[in-house]
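Biologist: I would like to learn how to read aromatic contacts and pockets in a model. Please take the general idea each time, then the case here.

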Amino acid sequence: MLQRLLLDELLGWKKQANRKPVLVDGARQVGKTYLIEQIFGKRHFRKVHLLDFRKEPSLDRLFAESLEPRSLVFRIELHTETPIDLEHDLIVFDEVGDCQRALDSLKYFASTLPHAFVCATGSNIGLLDSFPVGAVRTLELFPLCFEEFLMAAGRGRLLDAFRNRVGGRVVHQHLWSQLLDYYFVGGMPEAVARWFADGEELLRRTREITAIQRDLVTQYERDFGKYAGRLRAQHIGAVFSNVPRQLAASLDGSVRRFRFKGVIARKRGYQDLAGPIEWLHAAKLVRKCFPINGKPTVPLLAQSRPNIFRLYMFDVGLLGHMLGMTYEDQRAQSAAYKGFIAENFVQNELGVRVSYPTYGWHQGRAEIEFIHRCSNGEVIPVEVKSGARTRARSLRSFLERYGPSRAVKLAGSPGGEKRGALQNWPLYEAQFLRDL
């Protein structure tokens, strides 16, 4: 059974005397229902009462009348022919975005039954016209991050070494090997579970992962038509398929800002593509990084421009799949493509485990992939280099211009070295920037 780090947040919510309903948001197929029903619900509650609005659309009739919570609970009991114990049971509204009235009811549970345990999940919450602001606690679930991938691997000693940041070449060789596997598999739960299935030889596993990823991409493309209409779906699909292509075009340096020209015929600028891009972002299928020009100052958001950003895929495994990359390609780490794979990995790790949105830096020809605001407010550079031997001219430029007390270079080496302000970390330790 896959373990998810978000479980700790849910357990903390359960311990509260009075609580708002929890809404777990995230892209399709990242494991929201599995987390809430199987990992959280069945392990920590007497019973789980799940209403799946996508599987059973007729459930919306339960919400057609009053949204008063006790009346709703009674109607749910009648429908399921099962009593609900509000002190010990979990009520789950699955894919709540498919029933606006069910989503609206959450604010009444918050005010009338704050002791009840009510959770909801949704895949396209960001696309809805109405949302109960302030009445729910929203949590986001993403594809498995690298730490969760290690948890799924079942290698306890290696996981402990990662969490405690144990250095040395032997540990690095094992963690680096796991990272290259992660580049291929990615973090979609079905792919990860299949990868670590017992007794399957490598060739069969890689073929199965490829089949899973192909099906996932197809499902997302079908969702474009379901939720956006035919013409708009074509534009969304064009942007979605163009993101990997533009990432792969960054062969001689950092990923460049997303280019609007040439993505959709006769459309050239941000305003022409803003709709499809924002749709994909709201659906959690792409992630943004905003490059800051000049000296970074807090708040970073004030220095960003809404029409200048880099776009990354939400899952590194699907990125490789959409570019036709094989397991052997990812393990070989050819210089022709490993840079943008590493950068997309770091973007996702920062977005899931550190903070989002993310920011980069550029001035003249110098460019840093990411900048990070530390707990003391200082903004430091974070350079990403996929190889073990690296030249960091842009990083030196940043250090000379602004003199930060710390800087981090993430690279394909064991790390541990420190030269003045510069700290060298292995790529897979990106999530530990949260501790600075």
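Modeller: This is a predicted model. One cluster, held together by ring pairs, contains F146, F149, F162, Y182, Y183, F196, F345, Y428 and F432.

Biologist: How many aromatic pairs does a search of the whole structure find?

Modeller: A pair of aromatic rings is described by the distance of the centres and the angle of the planes. The search of the whole structure gives 33 aromatic pairs. One of them joins F45 and F117, with 5.1 Å centre to centre and 70° between the planes, an edge-to-face arrangement.

Biologist: Where in the chain do F45 and F117 lie?

Modeller: F45 is in the loop between α2 (32-44) and β2 (47-52), while F117 belongs to strand β4 (residues 117-122). The two are 72 residues apart, so the pair links distant parts of the chain.

Biologist: Is F45 buried or exposed, and is F117 buried or exposed?

Modeller: The cut-off for buried is under 20% relative accessible area. F45 has a relative accessible area of 9%, so F45 is buried. F117 is at 8% relative accessibility and therefore also counts as buried.

Biologist: Why is the pair of F146 and Y182 called edge-to-face?

Modeller: Planes over 60 degrees apart count as edge-to-face. The planes of F146 and Y182 stand at 70°, with ring centres 5.9 Å apart, so this pair is edge-to-face. The pair links distant parts of the chain, from F146 in helix α5 (residues 146-153) to Y182 in helix α7 (residues 169-185), 36 residues apart. F146 counts as buried at 0% relative accessibility, and Y182 counts as buried at 5%.

Biologist: Which charged ends sit over a ring?

Modeller: Among them is the charged end of K14, which sits over the ring of F45, 5.0 Å from the ring centre. Another is the charged end of R165, over the ring of W425 and 4.2 Å from its centre.

Biologist: Now the pockets. What volume does the second largest pocket have, and which residues lie nearest its centre?

Modeller: Rolling a probe the size of a water molecule over the atoms shows where empty space is left. For the second largest pocket, the volume is about 440 Å³. Its lining has 22 residues, and Q29, G31, K32, T33 and Y34 lie nearest the centre.

Methods: Residues are numbered from 1 along each chain as its sequence is written. This is a predicted model: local features need pLDDT of at least 70, side-chain atom pairs count only at pLDDT 80 or more; totals for chains, interfaces and linings use all residues. Side-chain values use heavy atoms; hydrogens and water are left out. Rings of Phe, Tyr and Trp (its six-membered ring) pair if their centres lie within 6.5 Å; planes under 30 degrees apart count as stacked, over 60 as edge-to-face and the rest as tilted. Helices (H or I, at least four residues) and strands (E, at least two) are DSSP runs, numbered from the N terminus. Buried means under 20% relative accessible area, exposed over 50%, partly exposed in between (1.4 Å probe, protein chains only). A charge sits over a ring if NZ of Lys or CZ of Arg is within 6 Å of the ring centre and within 35 degrees of the ring normal. On a 1 Å grid over the protein atoms alone, a cavity is a set of points where a 1.4 Å probe fits but cannot get out, and a pocket is an open set with protein on both sides within 12 Å along at least five of seven lines; lining residues have an atom within 4 Å of a point. Grid points are joined across faces, edges and corners, and a volume is the space filled by probe spheres set on the points.
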